[in-house]
Amino acid sequence: MTLTRLVLFSGWGIDARIWQPLIACLQARLAHATETNDEADDGADDQAKSRPLEIIAPDWPEEGPQAESRAGSEPTASRASLGGADTLWLGWSLGALRAEALAKKQAPAALVSLAMGPSFIHQAPSEQTIPALTPEVLDTFRAAFARNPTASWQHFLRWQANGETSARDCLRQLRELIGRHPVSREAVLSAGLAELASRQMSLAPQSELPLEFWLGKQDPLLAPGLNAALRAQGQVVAEFEGGHCLPLSATEALADALLTRMGLATHHVTRISEEA
């Protein structure tokens, strides 16, 4: 089935502006495909031709440049449902954990968890068998955040860029998109850290919510052994060259993978690894 709507959920401390390069790449891919199909008249699906891809990148409540004017418990665009049988959700980092919970209400066709496993922090042994980071990792960061929120947020940007081939270029691009200071209030960011410490996906059967994990091979914020453990439990895993900041470091590969997953593949397909 061809999916015609894509919803992009951002992560902790980083608003929807992170998606600008990916959205531009998707639009360029689709524009090229449209021109190619028109010239070749290759019999592509008429419905897909007549229904262009809709891309939505909402900010979470009290996050993003307009944070002070918004309130609520769901993304700004969710006044009308973001779900539906024609919709693919892509959640990045904390956005993936939040999207999985929201999907139970809004039922998208499928969810892609980008740069995030079923949980960020390891939960009680009786509740979790898939690797995650130890609680001490986040506890240390939360303590530093309580002392100096802005400095800790800036450290987080450097931390997640460390796994990229060019960490300096990734950090520069990240700062150009979202600035050098957080736009969310300290209390909102602190609440997000609490979510990272406690949220855990339910891993519902694929028949209820098709779920895929798209992970960076050099991601410093993922626990060792995560990919293999997910595959051992029958989860769908795709690996990308890059670290945690895949929206910037793997923009083209990510765009191609999304279009393929949605049944809108173009001639620019970049190979990604689905094998261990």
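A disulfide is a pair of cysteine sulfur atoms within 2.5 Å. The legends below describe a predicted model.

**View 1. Overall fold of the protein chain, with ten helices and six strands.** The protein chain has 276 residues, and buried residues make up 50% of them. Of the contacts with a separation of 6 or more, 70% join residues 24 or more positions apart. The protein chain exposes about 12600 Å², and 49% of that area comes from carbon and sulfur atoms.

View 2. A search of the whole structure finds zero disulfides. C170 counts as buried, with 5% relative accessibility. C245 also counts as buried, at 0% relative accessibility.

**View 3. H181 in the loop between α6 and α7.** Helix α6 spans 167–178 and helix α7 spans 186–198, with H181 in the loop between them. H181 has a relative accessible area of 52% and is therefore exposed, the cut-off being over 50%.

**View 4. Surroundings of H181, including T150, W153 and Q154.** Leaving aside residues up to four places away in sequence, H181 touches T150, W153 and Q154. A151 lies 30 residues from H181 in sequence, and the C-alpha to C-alpha distance between A151 and H181 is 8.9 Å.

Technical notes
Residues numbered from 1 in each chain as written. Predicted model: local features only at pLDDT ≥ 70, side-chain atom pairs only at ≥ 80, totals over all residues. Heavy atoms only, no water. Helix = DSSP H or I, 4+ residues; strand = E, 2+ residues; numbered from the N terminus. Buried < 20%, exposed > 50% of the residue type's maximum accessible area, 1.4 Å probe, protein only. Contact = heavy atoms within 4.5 Å. Areas by Shrake-Rupley, 256 points an atom, 1.4 Å probe, with all protein chains shown as cover.
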